[in-house]
Amino acid sequence: MFFCLVMSKKVKVVYNRDACIGAVTCVNLNPELWVMNKDAKADLIDSKREGDVWILETELTMYLQMACEQCPAQVIEIFDKETNEKLF
């Protein structure tokens, strides 16, 4: 199901790279934020590692939301930056 919030919403992307299966869905949908690495896993561009996950604060876009929703491994989560509420 596709539902997009206001595009200027600030969000926190949480990515579990260790669980990535290299399906390339995120890269195909949102190449501005995702790139495939030599180890066949996606990298979240400009993100910082925090424990077992990678974090990026950015603006919500339709393509970021689609990458999250269509990831077959479900390793991408998106949270509202202000309230920390899980959006996707």
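This is a predicted model: local features need pLDDT of at least 70, side-chain atom pairs count only at pLDDT 80 or more; totals for chains, interfaces and linings use all residues.
Residues are numbered from 1 along each chain as its sequence is written, and side-chain values use heavy atoms, with hydrogens and water left out.

**Stop 1: the sheet.** Select the four strands of the open sheet, ordered β4-β5-β1-β6 with antiparallel pairing. Strands here are DSSP runs of E with at least two residues, and helices are runs of H or I with at least four, numbered from the N terminus; two strands pair if DSSP finds at least two bridges between them. At the edges you will find β4 (48-50) and β6 (76-80), each with a single partner strand, so one side of each has no neighbour in the sheet. On average, neighbouring strands are turned by 35 degrees against each other, direction ignored.

**Stop 2: strand β1.** Now pick residues 10-15, strand β1, which pairs with β6 over five antiparallel bridges. Look for Y15 opposite I76 and K12 opposite F79. Towards β5, β1 has six bridges, again antiparallel; here V13 has L56 as its bridge partner.

**Stop 3: the hairpin.** Move to β4 and β5, which form a hairpin with two residues between them. In the turn, G51 has a positive phi of about 70 degrees. The two strands share three bridges, and R49 stands opposite W54.

**Stop 4: the helix.** Next, show α2 (residues 62-70), which lies across β1, β5 (53-59) and β6 and runs at about 130 degrees to β6. Contact means heavy atoms within 4.5 Å; axes are lines fitted to C-alpha atoms, for helices over the stretch in contact, and angles run from 0 to 180 degrees between N-to-C directions.

**Stop 5: salt bridges.** How many salt bridges does the structure hold? There are seven, each a side-chain nitrogen of Lys or Arg within 4 Å of a carboxyl oxygen of Asp or Glu.

Finish with D39 and R17, at 2.8 Å between the closest N and O atoms. R17 counts as buried because its relative accessibility is 12%, while D39 is partly exposed at 41% (buried is under 20%, exposed over 50%, partly exposed in between, with a 1.4 Å probe and protein chains only).
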